Amino acid sequence: MSYLYSLRLALDPGWTDERGLGDLPGLVEAGRIDDVMVFANVEELNTGHTDLEERVAFRDLAERTAAVAAGAGASMSINPWHTVMHGDYGKTLRPGQDFRLMVDPSGREARLAACPRDPAWRAYLAELYGYYAGARPRFLWVEDDFRYHNHPPLEWGGCFCDEHLTEFSRRAGRPLDRGEFLAGVLAPGEPHPFRAIWLDTAREALEATARAIRDAVHAVSPQTRLGLMTSVPAVHAAEGRRWGPLLAALCGPHPPAVRIHLPAYSERRPADYLSMFHTIADAQRALLPPGTEVYPELENFPYSRFAKSLAFTRFQLVGAQVLAPSGMTLDLYDLNGNGPVLAEGYQEALADTKDELVDGLATGVFARPREGVVVLVDEDSAGSIHTTAGVSMTELYPREYVFGALLAAYGVAFRYSTDTSVSGGVVAMSGQFARTVGAEVARGLVERNHVLLDAEAVDSLVDLGLGDLIGVAEVSWTGDEDGLATYEEAVDGVELLGRPRARASTLLLGADIGLVTYRPGRARVLTRFRGAAHADAGPAHALVDERILVVPFGHGDPLGPVPPMVRTTLRQELLQSVLTAWDDRLVCVRGAADVAAYCYPDGDGFAVYLVNGSLDPLERPRLHVGRRDVAAVALGGRDLPIERRGGDLVVGTVVPALGGALLRIR
């Protein structure tokens, strides 16, 4: 089993290349690097859309890098740093570059970022990639500016240029101006037909450009593989992306290759990283077509150990194992042409970790489907979302990934899935997922499974006419700063945290609070919201018909981590108690914060991969395994001491802070 370390290398041709190439063999050997990815026209050195003279210099650099890398036992790939262009950053088009420029929702025109429907830009980009293919790289990567959003200084992004408006008008069957079209795309309530026009137009343009790049590259170098970097699934949904057709258009006869974004360019609180890893990287993996190879991007902008420590770098490598990666792309050194700085010590961290990564993948465990709570997601969710204000493209971002992050923080085994035929298990729905699949599919999911719902999912189901199915009459909302509900309290004999009437705060929660009115006799209320002077504000967590658990929060930031105020020991204990009562075989970690558990089938037994997103080591992890038969637990081929405590299993090992452990249980 191989694991590709692909080092992204930025050198400045004619300025820093000789020194950088001189350091490369030692770095390849010390860091156990397998592939050197040459940046072309990158970041601080970017001069805009390149001319032929600049391309010659970068292809020459790639060819010289290939020779040096080959001598050290590594291959060469190329990463042109721009497609549409990340942003203007003070630059403009050059004479002769008559590209149509991107226009944002307010009508502001970019000075450098191109319209994705422009045929002149598409031809230029295909020619650019075809030229670099002449260096015969292993991979040619398409950068993540291959998108509509995030092109500073534009507001959100584009494109709403005159040509786009002409196409929107053609599809609508009548003339439209920018304001009218956007008002339709973002209209509150039931999606307006203009929403589908936007999503279809955006999707088709990127797929057409991907085909043009593929055709140009494979006409020159059929063996060169193409790969695509991703950003954030929620944002890509607002661009109408369908990953199967897009990757087929780009990658052609080769397996699809994706550089999944790992959401910590700079080091952040590990627990927050773990949260965003699940709403971004793990969710993205679930949306990709079968057979896709992933090479996640580990970056430490703005570079050096002031941006990211060696320990956090290793944490990201170890945590990404659950993506079943084929390797990792490594963006560890300045993009200003400075070249590799071996004094930072990243090469030692890479080398020291590689055997663990290779050995873990060699078990075959991570390639198997995970077990646990099924968190349902769909790439088409932006088409069905009901907006509220109707003023921003960000209102099209789905919030259906939240339970993945929450369950991971609580140590509950789960998996994302797009399969709505699941039956006899525990499923989780959040946001407006039910609108995407429709009332009948949602009804079937609720009838066939135990169900975990957030308040926005409850609201959506009620709006779809399924209130009676879930025992809910209506949902109203209050803000986390409104003061109506400042904490929740366990009631009716429910003991949490070893005490009756235990409390968890909701003031400054970081999400809205759903006030759910249940139909008579259907709900068993576990906690209630309280306000100042202990005023009752209604049910909080509640069980409907003993098979639906309502988590009464919603409307959180779709791009951020689950807020720390939402993640509490009380709520962890509550969720684990309900979920394990529903599914006795559900694996979860007892009494630990921010330790993710991933469960896999493993021969006659099962495997549990623990990733510790805490700064505390996890000593003698205690796992709920229910009535599963357990004879032995092995780590790295060595049996560990174990102790059964009812449905729990205590394992005699330590999962280090920011570390992982693959427990194989038989």
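Helices here are DSSP runs of H or I with at least four residues, numbered from the N terminus. The model is a predicted one.

Helix α1 covers residues 17-31. Arg32 follows α1, and its phi is positive, near 55°. Within α1, the axis bends by about 35° at Leu24. A proline, Pro25, follows within four residues. The buried residues of α1 are Asp17, Gly20, Leu21, Leu24, Leu27, Val28 and Gly31. An α-helix has 3.6 residues a turn, so residues three or four places apart point the same way. What do the buried residues of α1 pack against? Their partners are β1 (4-9), β2 (35-40), α2 (52-71) and α11 (346-362).

Helix α16 spans residues 569-582. Most of α16 is covered, with ten of its 14 residues buried. These are Leu570, Arg571, Gln572, Leu574, Leu575, Gln576, Val578, Leu579, Thr580 and Trp582.

| Helix | Residues | Number of residues | End-to-end C-alpha distance | Expected span |
|---|---|---|---|---|
| α1 | 17-31 | 15 residues | 20 Å | 21 Å |

For α1, the reach is close to the expected value.

**Nonpolar cores**

The largest nonpolar core has 175 residues. Which of them touch the most other members? They are Trp198, Leu330 and Leu407. Helix α6 (residues 193-220) gives this core its largest share, ten residues.

Leu407 deserves a separate look. Not counting residues up to four places away in sequence, Leu407 touches Val373, Val375, Val412, Phe414, Leu452, Leu575 and Leu579. Leu575 and Leu579 are among the buried residues of α16.

**A buried loop serine**

Ser304 sits in the loop between β10 (297-299) and α10 (310-319). Is Ser304 buried or exposed? Its relative accessibility is 17%, so Ser304 counts as buried, because the cut-off for buried is under 20%. Beyond its neighbours within four places in sequence, Ser304 contacts Leu332, Glu344 and Tyr346.

**Cysteines**

How many disulfides does the structure hold? It holds zero. A disulfide is a covalent bond between the sulfur atoms of two cysteines. For Cys161, the closest cysteine sulfur is in Cys159, 3.6 Å away. That is too far for a bond, because a disulfide needs the sulfur atoms within 2.5 Å. Cys161 is buried, at 3% relative accessible area. Cys251 is buried too, at 1%.

**Strands and sheet**

Five strands form an open sheet, in the order β29-β30-β38-β33-β34. The pairing is antiparallel. At the edges stand β29 (595-602) and β34 (638-639). Each has a single partner strand, so one side of each is left without a neighbour in the sheet.

Inside this order, β30 (residues 605-612) and β38 (residues 660-665) are joined by six bridges. In β38, Ala661 is the bridge partner of Leu610.

A hairpin is built from β35 and β36. Four bridges join β35 (residues 642-645) to β36 (residues 648-651), and the two strands run antiparallel. Ile642 has Val651 of β36 as its bridge partner. Two residues lie between the strands. In this hairpin, Gly646 takes a positive phi near 65°.

Methods. Residues numbered from 1 in each chain as written. Predicted model: local features only at pLDDT ≥ 70, side-chain atom pairs only at ≥ 80, totals over all residues. Heavy atoms only, no water. Expected span 1.5 Å × (residues − 1). Bend = angle between axes of the 7 residues up to and from the residue. Buried < 20%, exposed > 50% of the residue type's maximum accessible area, 1.4 Å probe, protein only. Contact = heavy atoms within 4.5 Å. Core = buried A, V, L, I, M, F, W, Y, C linked by side-chain atoms within 4.5 Å. Pairing = 2+ DSSP bridges.
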